[in-house]
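Please look through the structure below before reading the points that follow. They are meant for someone who has not seen it before.

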Amino acid sequence: MKSAALWMSSLTLAAAGGWIAATMFAPPATGKEPRFPQLTMDQLDEKQKPLGEQVMKVSSVGLAGPYNPMMRSPVLGQRLFDLFHYLRWETSVPVKLNEFAILIIGRQWRSQVEWYAHAPLAAKAGLSPQIIAELKASKRPSGMAEDEAVVYDFVTELTTTQKVSDETFARAKKVFNDQQIVDLTAVAGNYVMVAMMLAMAEETVPPGKEPPFKDGEK
């Protein structure tokens, strides 16, 4: 428990300071040119700027993370931004459980940016540091409350077997209403898409920050 608490403390501090400069991402240490050079507000054209202004008002990552590739397709980017807004701030799923679902997807994809950005948010929302640490270690977290266990099993089953069993669905119905089940499914699917966008664009954590998942780590 002590090591998990220390890990979460350092992660929260890193996230608080790291994303301040996220719009100035440097190329990877390998010297490889970025697939999508990091955009800044003064580089946006007339089609991109309205979206950029909206992103800058709410994003802890600035124009970095998924927003950097999204800016290349501003109509799609706007529609995705509107979806993100609902799934982050207006969803019927409690914030702690919503962030837990995002972390489950981030761990499945070993998505450096998703984990780096959302682990501190999950902790702030009340998700146990031990649960976060065990999930990061690719374990089924122990000590989960009933609603947390339902989220873990529902999201994991749906994304790894491409279905939800009657038993798992019945468990979900005991703790969530219909809207929450639909919203939970949507947030999981949305962050698979975000992980794909990040992987395709080879987006990474801020310069000088340690990626959550190390090379060779399963």
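1. The model is a predicted one. Local features are described here only where pLDDT is at least 70.

2. The largest nonpolar core has 48 residues. Those that touch the most other members are Phe100, Leu103, Val151, Val155 and Leu184. At least two residues of this core come from each of these helices: helix 2 (49-58), helix 3 (67-70), helix 4 (74-90), helix 5 (95-108), helix 6 (112-124), helix 7 (129-136), helix 8 (146-161) and helix 10 (178-201). Helix 10 contributes the most, with 9 residues. As background, nonpolar side chains tend to be buried together in soluble globular proteins.

3. Which residues does Leu184 contact, leaving aside its neighbours within four places in sequence? They are Val93, Ala101, Val151, Phe154, Val155 and Phe176.

4. Two packed helices are described by the angle between their axes and the distance between the axes. For helix 5 and helix 7 the angle is about 20° and the axes are 10 Å apart. Angles under 35 degrees count as roughly parallel, so helix 5 and helix 7 are roughly parallel to each other. The crossing of helix 5 past helix 7 is right-handed.

5. On the helix 5 side, the residues that meet helix 7 are Phe100, Leu103, Ile104 and Arg107. On the helix 7 side they are Ile131, Ile132, Leu135 and Lys136. By class, the contact of helix 5 with helix 7 holds 6 nonpolar and 2 charged residues, and no polar ones.

6. Helix 9 (residues 166-175) packs against helix 10 at an angle of about 120°, and their axes are 8 Å apart. Helix 9 and helix 10 are therefore oblique to each other. Helix 9 passes helix 10 in a right-handed crossing. Phe169, Ala172, Lys173 and Val175 of helix 9 make the contact with Asp178, Gln180 and Ile181 of helix 10. In this contact of helix 9 with helix 10, 4 residues are nonpolar, 1 is polar and 2 are charged.

7. Ala64 and Gln38 are 26 residues apart in sequence, and their C-alpha atoms are 6.9 Å apart in space.

Conventions: Residues are numbered from 1 along each chain as its sequence is written. This is a predicted model: local features need pLDDT of at least 70, side-chain atom pairs count only at pLDDT 80 or more; totals for chains, interfaces and linings use all residues. Side-chain values use heavy atoms; hydrogens and water are left out. A nonpolar core is a set of buried Ala, Val, Leu, Ile, Met, Phe, Trp, Tyr and Cys residues joined through side-chain atoms within 4.5 Å. Buried means under 20% relative accessible area, exposed over 50%, partly exposed in between (1.4 Å probe, protein chains only). Helices (H or I, at least four residues) and strands (E, at least two) are DSSP runs, numbered from the N terminus. Contact means heavy atoms within 4.5 Å. Axes are lines fitted to C-alpha atoms, for helices over the stretch in contact, and angles run from 0 to 180 degrees between N-to-C directions. Angles under 35 degrees count as roughly parallel, over 145 as roughly antiparallel, 65 to 115 as roughly perpendicular and the rest as oblique. A crossing is left-handed if the near helix is turned anticlockwise from the far one by less than a right angle, and right-handed if clockwise. Ala, Val, Leu, Ile, Met, Phe, Trp, Tyr, Cys and Pro count as nonpolar, Asp, Glu, Lys and Arg as charged, and the others, Gly among them, as polar.
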